[in-house]
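Hi,

My notes on it follow below.

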Amino acid sequence: MMRTIDLRGRALGAAELRAVLPRAEVDIEVATGRVAPILARVRTEGAPALADYAEQFDGVRPASLRVPPEAIAAALEGLAADVRVALTEAIRRARLGHEAQLPTPRTTEFGPGARVHQRWVPVRRVGLYAPGGLAPLPSSVVMNVVAAQVAGVASLALASPPQKDHDGLPDPSILAACALLGVDEVYAVGGAQAIGMFAYGVRSDLPEDTCEPVDVVTGPGNIYVAAAKRAVLGVVGIDAEAGTTEIAVLADSGADPRFVATDLISQAEHDPAAASLLVTDSTVLADAVAEEIETRVAGAKHSARIRTALSGPQSGVVLVDDVDHGIEVVNAYAAEHLEIQTADAAAVAERIHNAGAIFVGPYSPVPLGDYIAGSNHVLPTGGTARFASGLGVQVYLKSVQVIDYDEAGLKEVTDDLIALAAAEDLPAHGEAARVRRGD
């Protein structure tokens, strides 16, 4: 089902490896062209445009864009008891994990009367997107909301597509997660139009259809959501242009083929375009994994979707000479999710530089991070883990430097300041310091 790429005996650089490794073909430029008129119409027409797009793309026209409070409360009341318990635990662990990310304010003393304070200030308002396509993801609500709340954001709005089967409301599991998290500003708006609503704000004669603009937009979505986030970057901040999910598994002959196969399948279940990659130095393991996949996919609930993803050009098995060679390959690939199922997995994980999240050993499967590990599952995709990080409190914080010098502190550096200003032919800069010295 999965094609094989044999890299044994081949010494390739990082750029060459990136060129030969499987990757989903994503033409975001085409998507950007398609979302541009949507964003423009939302910006100029507001609520009527959002209602029209809901009817066009989601097949239902919501009675109001903002979800009534009673609908959010009812969703929580109707939530299965075991799911409520699981979401509550996921929220608890996510809070603990994100609290550990909070930076510490610092003050640096350069001399008497010369201080610079480093402050971290949360943005005022954020817009959180929760997709509702092939599968509603209340877990994404948890990941986005908890990170923003821990950062100290005072105003949170969430958007999720209206569902025809739920009278134009977002999926009940999405609403229930909002209720558990205390989020009451929720909109039945999906896709690129939701990103436009957050970026530009929407005014309406109906108070419930008015959405104030935000400062940062975060949350996963399809290619059109990613394209819309790219288009509004600069008007607002964004977390990333997150694409379809991907997993890479670095495994040696000691790995359990059942574990590897089920983990590859678990991510393929998300989307026909999802990427699953096995990197191994063991042909025996590769063959055993292939057999496990064939058996398990045949009986899977989403077998057609999984089979399409695993047999697509974005997935495959990569054969390498040894684990060291495998490390080179996965660092070049820069997976969203990377599992290490090798001997001394923790030591191998220390040598990984490029991955959105690393899952160490046979008992740290990717679904653990998807739901309840205490980490965040909104991660960089498409190789962007080479330079980008997953969602965390830092996305919602601004670093502000506070310069606090008194007269003596300024006098100590005035000559140096004047010299540097003169070197740059900006004498008025130097004069601003000189006049304070009384020259």
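Predicted model: local features only at pLDDT ≥ 70, side-chain atom pairs only at ≥ 80, totals over all residues.

Alanine 334 is buried, at a relative accessible area of 0%. The phi of alanine 334 is near 55 degrees, a positive value in a residue other than glycine. Alanine 334 sits in the loop between helix 13 (323-333) and strand 12 (335-341).

Aspartate 167 also has a positive phi, of about 55 degrees, although it is not a glycine. Is aspartate 167 buried or exposed? Its relative accessibility is 72%, and the cut-off for exposed is over 50%, so aspartate 167 counts as exposed. The loop that holds aspartate 167 runs between strand 5 (155-160) and helix 7 (172-181).

Now the chain as a whole. The protein chain has 439 residues, and 48% of them are buried. Its secondary structure comes to 17 helices and 14 strands. The C-alpha trace spans about 85 × 60 × 40 Å along its principal axes. Take the contacts with a separation of 6 or more: residues 24 or more positions apart account for 73% of them.

Helix 2 (residues 28-45) and helix 9 (residues 223-232) have axes that come within 8 Å. The axes cross at roughly 70 degrees. Angles of 65 to 115 degrees count as roughly perpendicular, and helix 2 and helix 9 are therefore roughly perpendicular to each other. On the helix 2 side, the contact is made by Ile28, Glu29, Ala31, Thr32, Arg34, Val35 and Leu39. Helix 9 brings Ile223, Tyr224, Ala226, Ala227, Ala228, Arg230, Ala231 and Val232. By class, the contact of helix 2 with helix 9 has 11 nonpolar, one polar and three charged residues.

How many cavities of 30 Å³ or more does the structure hold? There are two.

- The largest cavity has a volume of about 40 Å³. It is lined by Asp239, Ala240, Ala242, Val378, Leu379, Pro380, Ser389, Gly390 and Leu391. By class, that lining has six nonpolar, two polar and one charged residues.
- The second largest cavity holds about 30 Å³ of space. Its lining is Ala90, Arg93, Ala94, Val142, Met143, Tyr371, Ile372, Ala373, Gly374 and Ser375. The classes are seven nonpolar, two polar and one charged.

Which helix gives the most to the lining of the second largest cavity? Helix 5 does, with three residues. Helix 5 (81-99) and helix 6 (138-151) each supply at least two residues of that lining.

Helix 5 and helix 6 turn up again in the second largest pocket, where each supplies at least two residues of the lining. This pocket has a volume of about 240 Å³. It is lined by 14 residues, and the closest to its centre are Val83, Leu87, Pro138, Ser139 and Tyr371. The lining of the second largest pocket divides into 12 nonpolar, two polar and no charged residues. Tyr371 is also in the lining of the second largest cavity.

Best wishes

Key: Residues numbered from 1 in each chain as written. Heavy atoms only, no water. Axes fitted to C-alpha atoms, helices over the stretch in contact; angles between N-to-C directions. Helix = DSSP H or I, 4+ residues; strand = E, 2+ residues; numbered from the N terminus. Parallel < 35°, antiparallel > 145°, perpendicular 65-115°, else oblique. Contact = heavy atoms within 4.5 Å. Nonpolar A, V, L, I, M, F, W, Y, C, P; charged D, E, K, R; others polar. 1 Å grid on protein atoms, 1.4 Å probe; cavity = no way out; pocket = protein on both sides within 12 Å on 5 of 7 lines; lining within 4 Å. Points joined across faces, edges and corners; volume = space filled by probe spheres on them. Buried < 20%, exposed > 50% of the residue type's maximum accessible area, 1.4 Å probe, protein only.
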